[in-house]
Amino acid sequence: MFHYIISLGFFCGVAASMDRYGLRSCSGPFDWCFSGFDGVIQTIEERFEHFFEYQNLEAVPAKPREIKDIRYHFHFLHDIQNSAFLMLEYPAVKEKYARRNEHFLLMLEKPCCCIRAIQNAEEIDFINTHQKEIKLLFKQFNPENEVIFLIPADLKGIPISFTSFYYVNNYDGDTKEALTRTFDSNPELLSWLLANSDPEQIKLNLARKKRAV
């Protein structure tokens, strides 16, 4: 039984779908950005020491609300109103992420299931190659921690050697509702998550979500 379910990205659909079913307890550092899994692993290994540092941030041409962290190759789309004024907006965003990062590490000390939606075939190769190190990283915090991976259905033919579920990414880049249905294409995945989650924590999460509406 997992006390927390945590999103490891790569996109907003994981966190949004967790929220829909009461599986998300709070905002995490990887919830609302695009991330490569090697960058996520590096970030956790470094205990977020260099996460969102000003000298690593770059504006994205023609996308004033998007910034890129060149150290980890993360793209942040929801934190900055205008990258031309990044220096002014940066302190508040940095403080927000410092809180999220600290809470993320504290959550890992309790039994957690971390969910990573796989981005592409190269990411599958990375996980196959580094599966032992990935597992050890998360079990350093708590021996009951697990990581599961969501594999796009169109990558089904690639050999894998890790715990995974297939899913269909129906997000069209526009409809927010589609983001919250990332888990719906695989009933087995949703059933597994609900069966292995703390029911009291789910109630708390849903109550918090209701109050926020």
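Mentor: Ala, Val, Leu, Ile, Met, Phe, Trp, Tyr, Cys and Pro count as nonpolar, Asp, Glu, Lys and Arg as charged, and the others, Gly among them, as polar. This is a predicted model, in which local features need pLDDT of at least 70 and side-chain atom pairs count only at pLDDT 80 or more, while totals for chains, interfaces and linings use all residues. Residues are numbered from 1 along each chain as its sequence is written, and side-chain values use heavy atoms, with hydrogens and water left out.

Trainee: How many nonpolar, polar and charged residues has the lining of the second largest cavity?

Mentor: On a 1 Å grid over the protein atoms alone, a cavity is a set of points where a 1.4 Å probe fits but cannot get out, and a pocket is an open set with protein on both sides within 12 Å along at least five of seven lines; lining residues have an atom within 4 Å of a point. The lining here includes Phe-2, His-3, Gly-22 and Asp-198. Sorted by class, it holds five nonpolar, five polar and one charged.

Trainee: Which element gives the largest share of the lining of the second largest cavity?

Mentor: Helices (H or I, at least four residues) and strands (E, at least two) are DSSP runs, numbered from the N terminus. Among the lining residues are Tyr-4, Ile-5, Gln-201, Ile-202 and Asn-205. The largest share, three residues, belongs to helix 7.

Trainee: What volume has the largest cavity?

Mentor: Grid points are joined across faces, edges and corners, and a volume is the space filled by probe spheres set on the points. Strand 1 gives the largest share of this lining, three residues, and the lining residues include Ile-5, Ile-6 and Ser-7. The volume of the largest cavity is about 60 Å³.

Trainee: Which element gives the most to the lining of the second largest pocket?

Mentor: This pocket has a volume of about 150 Å³, and its lining divides into five nonpolar, three polar and three charged residues. With five residues, the most comes from helix 4.

Trainee: What is the order of the strands in the open sheet of four?

Mentor: Two strands pair if DSSP finds at least two bridges between them. Strand 1 (4-7) and strand 8 (164-167) are the edge strands, each pairing on one side only. The pairing in this sheet is parallel, and the order is 1-6-7-8.

Trainee: Which residue in strand 7 stands opposite Arg-116?

Mentor: Strand 6 (residues 112-117) and strand 7 (residues 146-152) pair in the parallel sense over five bridges. The residue opposite Arg-116 is Phe-149.

Trainee: Which residue is the bridge partner of Glu-58 in strand 4?

Mentor: Strand 3 (residues 57-60) pairs with strand 4 (residues 63-69) in the antiparallel sense, over four bridges. Their hairpin has two residues between the strands, and Ala-62 takes a positive phi near 70° there. The bridge partner of Glu-58 is Lys-68.

Trainee: Which residues of helix 2 are buried?

Mentor: Buried means under 20% relative accessible area, exposed over 50%, and partly exposed in between (1.4 Å probe, protein chains only). Helix 2 spans residues 37-45 and is followed by Arg-47, whose phi is positive, near 55°. The buried residues are Phe-37, Gly-39, Val-40, Ile-41, Thr-43 and Ile-44.
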